[in-house]
Amino acid sequence: MSNVNIKRAIENIRSGTSVYTPVVEVVVNAIQAIEAKSINDGLVEIVVQRHQQMDLSDPLPEIDGFEIFDNGIGFDDSNRDSFDTLYSAHKISEGGKGFGRFTCLKYFEDMEVKSTFCKGGRFFDRSFRMGKENEIIINEDVAPSSSNIIGTCIKLVHLKRSNFPDKKLATIARVLVEKLLPFFVNDMQPPRIVLREKNEEEVIVLNDYVETYGQIIELDSSVDSFFISGNSADEEFFARVFKFYSPRSQTSKISLVAHRREVTSVSLHKYIPEFVDEFFEQVKDGDEIVDRNFTLKVYVFGQFLDGLVSLERGGFEFQKENDAIYGISQSDIEKRAADLAKEAVNSEVQARFEKKVKKVNDYVKEKAPWHAGIVNDIDLSDMPYNATDEQIESKLQKEKYEQEVRVRSDVRKLLEKGEPGELKEKAAGIVSRISGAGKNDLAHYIALRRSVIDLFEKSLELNKDSSYSSEGVVHDIIFPRKGDTDRTPFEEHNLWLIDERLNFTEYLSSDLPLKGLQDRPDLLGYDRRVVFRGENEATNPVTIFEFKKPQRDDFANPSSDEDPIQQVIRYVRRLRSGDFKTPQGREILISENTPFYGFVVCDLAKKVRSWLEEEKDFKPMPDRLGYFKWHENLNLYIEVIGWDKVLKDASMRNRIFFHQLGID
């Protein structure tokens, strides 16, 4: 009589099992019962039990349970007592854990057993149910049998919780074949295993998937073996690679096996990205050549796996990663198996890898030429096969960072320990590596300039409503509004569009007040900003900008109070008088000989040209795309330039760089 907390045992079953686990468990026990009987006509029948209630939307009812028949040795006293013993050692030589039957009650409401066995030359019938409280065997009945046919029927009754994941018999057959394949390819030929409907309308022989249909083919007749060093000894593993045609899953997998049972399964593309999709091969179908799809599955065997499989056969006692106790982890084994799978279909994998490399090279050539210096050195083996642009860029950035870290580390080591002779010998190589990284950054910067010019050109075009962009739009492209150099460093603004000399400045203010805390003039208008070039010293020039909306010319009207020329002059006078300070309260140093530069950027419409020449006495530039004037009494030089000139000149200055990068 047993006394086990069955409910607690079932609740403690760990992850790694599925609703197929108890079905496979019962089938494996049936195979072992037939092997114990040593017969040549062994038979296992798996009969699906479906709900009686029909679904109007689907004529195929849901599966509710299974009946598994076998003509094995039957539930004799020895097998019965083993069933009634938790952690029984009865089948330990065959990998029995004495626990697998508990998975039946994890997924099904009941487990019922009926069996005929022979004892002392007489035949008996034994029936019982698996208990759910403290007794493993309940409602047992043993009586003389009127039959002399030995065998067992086990019923898995009423599926718990949710529907069975598959309904079609062919789908269920394929899953069972994958999980039982180690039995089919073993030297000990398995009994005939049949999956059928209760009314026998459909019958599938699982053995035929391997023996007749050609749906599953082993790629190499020889078994590949490999060794992995553990903490105690070198462990040997055996791997067998199979092709699955018209697979249920489109992903190739690695399965670790213990005692001929699949225990774990992981996608191969975890280790080799090129396995993420199914493969295709051309075969002749009559007079036509057609594509036949397939995936790979690698089954790994070994005594190490047999000895460390968990009670539920849903995993192993060693760790998935970095096992400290045994020195061998699940990923260690899977990585080696993945290499064997790659060798089995090397041409297909290599073709996909080359396609991935081409995609990365095309990305660099077309979208990120600044990475050209590192793309040939990067290891792409772990990058996703169908990588997005974002994933490619992330990979390249990571490589760039790692190269920079290595260079800095080498420099530090050389400076700390290097002798003068060694410094001279190794310095050139390190400098060339630093220079290479610098070239990448420069190429990146130039490529970004190409994008800025394209964006700037777009902002000067008509919108869909036939309007032009506001001052704010073009302003933000050149320099963000309401910002200054404390918040917007030189690499984040684009004043180079107007003049390369404006890139490096001590202080820039854009739409911010320039006086102290009291009586601060509001300089938040779109067209008011001040630039200091160099340090804040009295001898360094001050540059003032005015931006006017493309196609706008109303500022040239006599009554306008937005005359940009007068605005520049007014701010020069106020700067010279000391009215302004920086937002941080720093004094703007101005002397009598401080040079001032004013830039007014607008569209040079006919009205604006006449206004500049006739009323403002400005001189046209040789290209007629700008005007200039010198105000001697203010030490002020003003240029009025058109948006087209800004675009044209910026493009011309950078054209040689774009050409060298192949992005012109």
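Let me begin with a definition: a residue is called buried under 20% relative accessible area, exposed over 50%, and partly exposed in between, using a 1.4 Å probe and protein chains only. The structure before you is a predicted model, in which local features need pLDDT of at least 70, side-chain atom pairs count only at pLDDT 80 or more, and totals for chains, interfaces and linings use all residues. Residues are numbered from 1 along each chain as its sequence is written, and side-chain values use heavy atoms, with hydrogens and water left out.

Of its 664 residues, 48% are buried. The secondary structure comes to 16 helices and 23 strands; helices (H or I, at least four residues) and strands (E, at least two) are DSSP runs, numbered from the N terminus. A contact here means heavy atoms within 4.5 Å. Among contacts between residues at least 6 apart in sequence, 65% join residues at least 24 apart.

Next, helix α15, which spans residues 606-615. Its residues Val608, Trp611 and Leu612 are buried. Viewed down the helix axis, the buried residues of α15 fall within an arc of 95 degrees, so they line one face; the arc is that of the directions from the helix axis to the C-beta atoms. In general, an α-helix has 3.6 residues a turn, so residues three or four places apart point the same way. On the face of α15 turned away from the buried side, we find the exposed residues Lys606 and Glu614. The cover over the buried residues of α15 includes α14 (564-576), β20 (596-602), β22 (626-631) and β23 (636-642). Just after α15, Asp617 adopts a positive phi of about 60 degrees.

Now to Lys297, in strand β15 (residues 288-301). Is Lys297 buried or exposed? Lys297 is buried, because its relative accessible area is 4%. Its side chain makes a polar contact with the side chain of Glu262, at 2.7 Å. A polar contact is a pair of N or O atoms within 3.5 Å; within protein, one must be able to donate a hydrogen and the other to accept it, and residues adjacent in sequence count only if both atoms are side-chain atoms. Leaving aside residues up to four places away in sequence, Lys297 touches several others, including Glu178, Arg240, Phe242 and Lys253.

Finally, Phe238 lies in strand β11 (residues 234-245). Phe238 is partly exposed, because its relative accessible area is 32%. Phe238 and Phe226 stand 12 residues apart in sequence and 6.6 Å apart in space, C-alpha to C-alpha.
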